[in-house]
Amino acid sequence: MTHFLFLQEPPEGYTVGFEPWLFHDDKHLTIQSPLPWKRFYIVCPSQNKIVGRISFLIEKKEAMSPHKAPFGSLQCVEALPVKVIFDFLEYVMGQLQTAGVKKILIKNHPENYAPAFSAVLSTCLINLGFHVESELGMYLNVSGLFENNLNTWQSRKLRQSSHHGLVFRKLKLNEAEHIHSFILACRQERNYNLSIDLDTLLKTCEVFPDRFYLFSVYDNEKLCAASISIDVGNRILYNFISAHPRDYDSMSPVVILMKGMYNFCLDANFKQLDLGTSALFGKPNFSLLDFKMGLGGIPASKFTFSKDL
């Protein structure tokens, strides 16, 4: 029987047995907060591998995974025994309680990122007494023509945008400030918040220049839609933030934006395009969900777990 150990320091000479999500990278954790992170590892001595890990930032007796990122939580190799995952979570809870933590907050990745593991992890956390909240997201499997996914309405909008002369462009990262400013203005026009400030975006792009992508749609030389997207790892591209101005609502330039991003995914060998969650003031944003479903979006839950100790 394979033996596993639970540790708070990574052993020397061990390699990570999986491709880490970007938001689990030590450099990304430092961007989220320069304060010390509390890390926990599952290791397999017979293989000299780290087979699971989770990181927490502790503030005011609350342990958060992540602190400021779309998700954190536990990541493991495939087919890790369920008992190992359950026992590890119990171990983590005990160590956090010993450290004086009074509340644990864990935000999982969307369930479509790793469906089998997500089912195991969610069940273990619920059985351990965690309270769960859910957001609904959408994603596209990247295979075949983008147009094959569209409903009649979105097909019409795509034709309309093309006939009007809207053009998709992939931009260089030195346009990040301009694109952030555009998306912020579009969000403010609709009284929505933006989840990342400019300084954090620029710093993160500087540290991970090969993981951030800027996409846009232009009407002649006028920017009318844009996306800042992230390679989160494991061949998944995440549409992190995107927007278009109200003046273009009838044109719906985001359809041609998503077509361009989808085709980029095809060329770059991404297997999924994550369209993101659709929430507004703590409730589902039904019009946005309908729009994404019209693109062929497949629903997937994203769970946040909390527990008072």
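In this predicted model, the side chains of Lys83 and Asp87 meet in a salt bridge, with an N to O distance of 2.6 Å; the term stands for a side-chain nitrogen of Lys or Arg within 4 Å of a carboxyl oxygen of Asp or Glu. Both residues belong to helix α2 (residues 82–98), and because they are four residues apart there, about one helical turn separates them. Helices (H or I, at least four residues) and strands (E, at least two) are DSSP runs, numbered from the N terminus. Lys83 is exposed, at 59% relative accessible area, whereas Asp87 is partly exposed, at 24%. Here, buried means under 20% relative accessible area, exposed over 50%, and partly exposed in between (1.4 Å probe, protein chains only).

Searching the whole structure gives six salt bridges, and two further examples are worth a look. Glu221 pairs with Arg169, their closest N and O atoms being 3.1 Å apart. Glu221 sits in the loop between β10 (212–219) and β11 (222–233), while Arg169 is in strand β9 (residues 167–171), so this pair ties together parts that are 52 residues apart in sequence. Glu221 is exposed, with a relative accessible area of 62%, and Arg169 is partly exposed, with 28%.

The other example is the salt bridge between the side chains of Arg211 and Asp231, at 3.7 Å from N to O. It links distant parts of the chain, 20 residues apart: Arg211 lies in the loop between α6 (198–207) and β10, and Asp231 in strand β11. Arg211 counts as buried at 17% relative accessibility, and Asp231 counts as buried at 15%.

Helix α2 also packs against another helix. Its axis and that of helix α3 (residues 115–127) come within 10 Å and cross at roughly 45°. Axes are lines fitted to C-alpha atoms, for helices over the stretch in contact, with angles from 0 to 180 degrees between N-to-C directions. The two helices are therefore oblique to each other, the class left once angles under 35 degrees (roughly parallel), over 145 (roughly antiparallel) and 65 to 115 (roughly perpendicular) are set aside. The crossing of α2 and α3 is right-handed, meaning that the near helix is turned clockwise from the far one by less than a right angle.

On the α2 side, Val82, Ile85, Phe86 and Leu89 meet Phe117, Val120, Leu121, Cys124, Leu125 and Asn127 of α3, contact being heavy atoms within 4.5 Å. By class, nine of these residues are nonpolar, one is polar and none is charged. Ala, Val, Leu, Ile, Met, Phe, Trp, Tyr, Cys and Pro count as nonpolar, Asp, Glu, Lys and Arg as charged, and the others, Gly among them, as polar.

Residues are numbered from 1 along each chain as its sequence is written, and side-chain values use heavy atoms, leaving out hydrogens and water. As the model is predicted, local features need pLDDT of at least 70 and side-chain atom pairs count only at pLDDT 80 or more, while totals for chains, interfaces and linings use all residues.
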